Amino acid sequence: MEKLVFNSEIKASKEKIWKVLWDDETYRKWTNVFAEGSYAESNWNEGDKIYFLGPGGGGMNSIIEKKIPYEYMAFKHLGEIKDFKEVPIGDKANEWSGSMETYRLDQKGDFVDLHVEVDVIEQHLDYFKHAFPKALEIIKELAEG
């Protein structure tokens, strides 16, 4: 597994960027880059489950490992979802079960640095290296707009 790191300087408040990241309407806009129709189901509380889903019922289940509002969000990915149900962890999911995805907001003068780290298995490296910068550009546009 490899850790990919992405950064974006955004001229908006941490509160506005946080809202763009995690409010359902805007979350769907920036995650559409990864899979059309992507959305999340969660109560967004630390320690609770979160389901990252597509319209066909596939996706992954995770937990919110750490949440500091307007500063930091960490997801620990656990396993797959098929037909809107958690699938027992098999060989395929074992490759990435326990991987982390984190978002940090750091104030830098008039800008906020959005720092994203994501653990990725080799077969998905090129995909995420291409898709994440597009997602960050949408986040920036929504937050600065």
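**Close-up views of a predicted model**

Asp 83 lies in the loop between β5 and β6 (85-86); helices (H or I, at least four residues) and strands (E, at least two) are DSSP runs, numbered from the N terminus. This is a predicted model, in which local features need pLDDT of at least 70, side-chain atom pairs count only at pLDDT 80 or more, and totals for chains, interfaces and linings use all residues. Residues are numbered from 1 along each chain as its sequence is written, and side-chain values use heavy atoms, with hydrogens and water left out.

**View 1. Asp 83 in the loop between β5 and β6.** The phi of Asp 83 is near 50°, a positive value in a residue other than glycine. Asp 83 has a relative accessibility of 57% and therefore counts as exposed. The classes are buried for under 20% relative accessible area, exposed for over 50%, and partly exposed in between, with a 1.4 Å probe and protein chains only.

**View 2. The hairpin of β2 and β3, with Trp 44 in the turn.** Strand β2 (residues 39-42) pairs with β3 in the antiparallel sense over four bridges; two strands pair if DSSP finds at least two bridges between them. Glu 41 stands opposite Tyr 51 in β3, and Ala 40 stands opposite Phe 52 in β3. Six residues lie between the two strands of the hairpin. Trp 44, in the loop between β2 and β3, has a positive phi of about 65° although it is not a glycine. The relative accessible area of Trp 44 is 16%, so Trp 44 is buried.

**View 3. The hairpin of β3 and β4, with Gly 57 in the turn.** β3 and β4 run antiparallel and are joined by five bridges. Ile 50 has Ser 62 in β4 as its bridge partner. Five residues separate the two strands, and Gly 57 in the turn has a positive phi of about 90°. In a regular strand the side chains alternate between the two faces of the sheet.

**View 4. Thr 102 and Met 100 in strand β7.** Thr 102 has a relative accessible area of 10% and is therefore buried. Leaving out residues up to four places away in sequence, Thr 102 touches Tyr 72, Met 73, Ala 74, His 115, Val 116 and Glu 117; contact means heavy atoms within 4.5 Å. Met 100 is also buried, with a relative accessible area of 18%. Not counting residues up to four places away in sequence, the residues touched by Met 100 are Glu 65, Ala 74, Phe 75, Lys 76, Glu 117, Val 118 and Asp 119. Met 100 and Pro 133 are 33 residues apart along the chain, and their C-alpha atoms are separated by 18 Å.

**View 5. Helix α4 and its buried residues.** The 20 residues of α4 should span 28 Å at 1.5 Å a residue, and the end C-alpha atoms are 29 Å apart, which agrees. The expected span of a helix is 1.5 Å times one less than its number of residues. Leu 125, Phe 128, Ala 131, Phe 132, Ala 135, Leu 136, Ile 139 and Ala 143 are the buried residues of α4. These buried residues pack against β1 (2-10), α1 (14-22), α2, β7 and β8.

**View 6. Ala 135 in helix α4.** Ala 135 counts as buried because its relative accessibility is 0%. Apart from neighbours within four places in sequence, Ala 135 is in contact with Trp 30, Val 33 and Phe 34. Gly 54 is 81 residues from Ala 135 in sequence, and the two are 16 Å apart in space, C-alpha to C-alpha.

**View 7. The largest pocket, with a volume of about 890 Å³.** On a 1 Å grid over the protein atoms alone, a pocket is an open set of points where a 1.4 Å probe fits, with protein on both sides within 12 Å along at least five of seven lines. Grid points are joined across faces, edges and corners, and a volume is the space filled by probe spheres set on the points. The pocket is lined by 35 residues, of which Phe 52, Gly 59, Met 60, Tyr 127 and Phe 128 lie nearest its centre; lining residues have an atom within 4 Å of a point. Elements that each supply at least two lining residues include α2 (24-31), β4 (59-68) and α4 (125-144), while β5 gives the most, with five residues. By class, the lining has 20 nonpolar, nine polar and six charged residues. Ala, Val, Leu, Ile, Met, Phe, Trp, Tyr, Cys and Pro count as nonpolar, Asp, Glu, Lys and Arg as charged, and the others, Gly among them, as polar.
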